[in-house]
Amino acid sequence: MSVLVVTGTGTEIGKTVSTAAVAAAALARGRSVAVLKPAQTGVAEGEPGDAAEVARLAGAVTLLELARYPEPLAPATAARRAGRPPVRPHEVAEAAEKLAAEHDLVLVEGAGGLLVRFDETGATLADAARLLGAPVLVVAHAGLGTLNATTLTTEALRARGLECPGVVIGSWPAAADLASRCNVADLPDSSGVPLLGAIPQGAPALAPPDFRAQAPGWLAPRLDGSWDAARLAA
């Protein structure tokens, strides 16, 4: 895949650290990587956003942010309140295609969940993925409630004819509870797609060299890693 869209089952789910891990694993394989953030919300001008955090953790990636809105809201709402133009799906697709012409992998990190609105027409990240013909990786919570949220997201992708290569758990707890442990086996059955990784809780606090060295071990071979869900379940 030359373009991979990264979405989540909600906000604060671990999309950015998961995107950084995918980027780090690809870089470790010698691939060139670009990270596209269509709409950055909740960050003031001049402050580091999600794309900068990916670069801090993963290393030498090309960064592109299409729009920034200061309030931590859905992109369409944040754009309206800021009096700024919203991001349109065709702009996301055009930017990703340009990056893909010069990089082995382009990661497009969404804001919030899959169907968060980009503009007043109701356009979403799913529309950008459809224009690109790109697969959509889903980042999910580990514990109770994740089966429903993840399955709703993968069903929405299938209903739109979009490919989902799998699910990554955005923050795997150091002391996993019963629900989290059961979800390792239940998530693939419920969502209909494989589990492709689990990012350990606290990974963003690692020194960047340690993050880069460990990232391939958090992701399955489909994402340039060596992770095995069976080991996590055990």
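Before any residue is named, a word on burial: I call a residue buried when its relative accessible area is under 20%, exposed when it is over 50%, and partly exposed in between, with a 1.4 Å probe and protein chains only. Please keep in mind that this is a predicted model, in which local features need pLDDT of at least 70 and side-chain atom pairs count only at pLDDT 80 or more, while totals for chains, interfaces and linings use all residues. Residues are numbered from 1 along each chain as its sequence is written, and side-chain values use heavy atoms, with hydrogens and water left out.

Let me begin with Ala 21, which lies in helix α1; helices here are DSSP runs of H or I with at least four residues, strands are runs of E with at least two, and both are numbered from the N terminus. Ala 21 counts as buried because its relative accessibility is 0%. Which residues does Ala 21 contact, leaving aside its neighbours within four places in sequence? They are Ile 199, Phe 211, Ala 215, Trp 218 and Leu 219, where contact means heavy atoms within 4.5 Å. Leu 64, by comparison, is 43 residues from Ala 21 in sequence and 18 Å from it in space, C-alpha to C-alpha.

Ala 20 also lies in α1, and it is buried with a relative accessible area of 0%. Not counting residues up to four places away in sequence, Ala 20 touches Val 54, Leu 57, Ala 58 and Phe 211. Its C-alpha atom is separated by 9.3 Å from that of Leu 107, which is 87 residues away along the chain.

That brings us to helix α2, in which Ala 51, Val 54, Ala 55, Leu 57 and Ala 58 are buried. An α-helix has 3.6 residues a turn, so residues three or four places apart point the same way. The cover over the buried residues of α2 includes α1, β2, β3 (62-69), β4 and α8 (208-214). After α2 comes Gly 59, with a positive phi near 115°.

Grid points are joined across faces, edges and corners, and a volume is the space filled by probe spheres set on the points. The largest pocket holds about 550 Å³ of space. It is lined by 28 residues, of which Thr 11, Glu 12, Lys 15, Thr 16 and Asp 50 are the closest to its centre. The elements giving two or more residues to this lining are α1 (15-28), β2 (33-41), α2 (50-58) and β4 (105-113). By class the lining has 12 nonpolar, 10 polar and 6 charged residues, with Ala, Val, Leu, Ile, Met, Phe, Trp, Tyr, Cys and Pro taken as nonpolar, Asp, Glu, Lys and Arg as charged, and the others, Gly among them, as polar.

Is Glu 12 buried or exposed? It is exposed, with a relative accessible area of 75%. Asp 224, in the loop between α8 and α9 (229-233), likewise has a positive phi, near 70°, but Asp 224 is buried, with a relative accessible area of 14%.

Finally, the strands, which I count as paired if DSSP finds at least two bridges between them. Strand β5 (residues 136-140) runs parallel to β6, joined by 3 bridges, and Ala 140 stands opposite Ile 169 in β6. Strand β6 (residues 167-172) in turn pairs in the parallel sense with β7 over 4 bridges. From β6 the chain crosses through helix α7 (residues 178-191) to β7, in a right-handed β-α-β crossover; right-handed means that, with the strands pointing away from the viewer, the path from the first strand over the helix to the second runs clockwise. Within this pairing, Val 168 has Gly 197 in β7 as its bridge partner, and Val 167 has Leu 195. In β6, 5 of the 6 residues are buried, and in β7 (residues 195-200) 5 of 6 are buried.

How values were computed. On a 1 Å grid over the protein atoms alone, a cavity is a set of points where a 1.4 Å probe fits but cannot get out, and a pocket is an open set with protein on both sides within 12 Å along at least five of seven lines; lining residues have an atom within 4 Å of a point.
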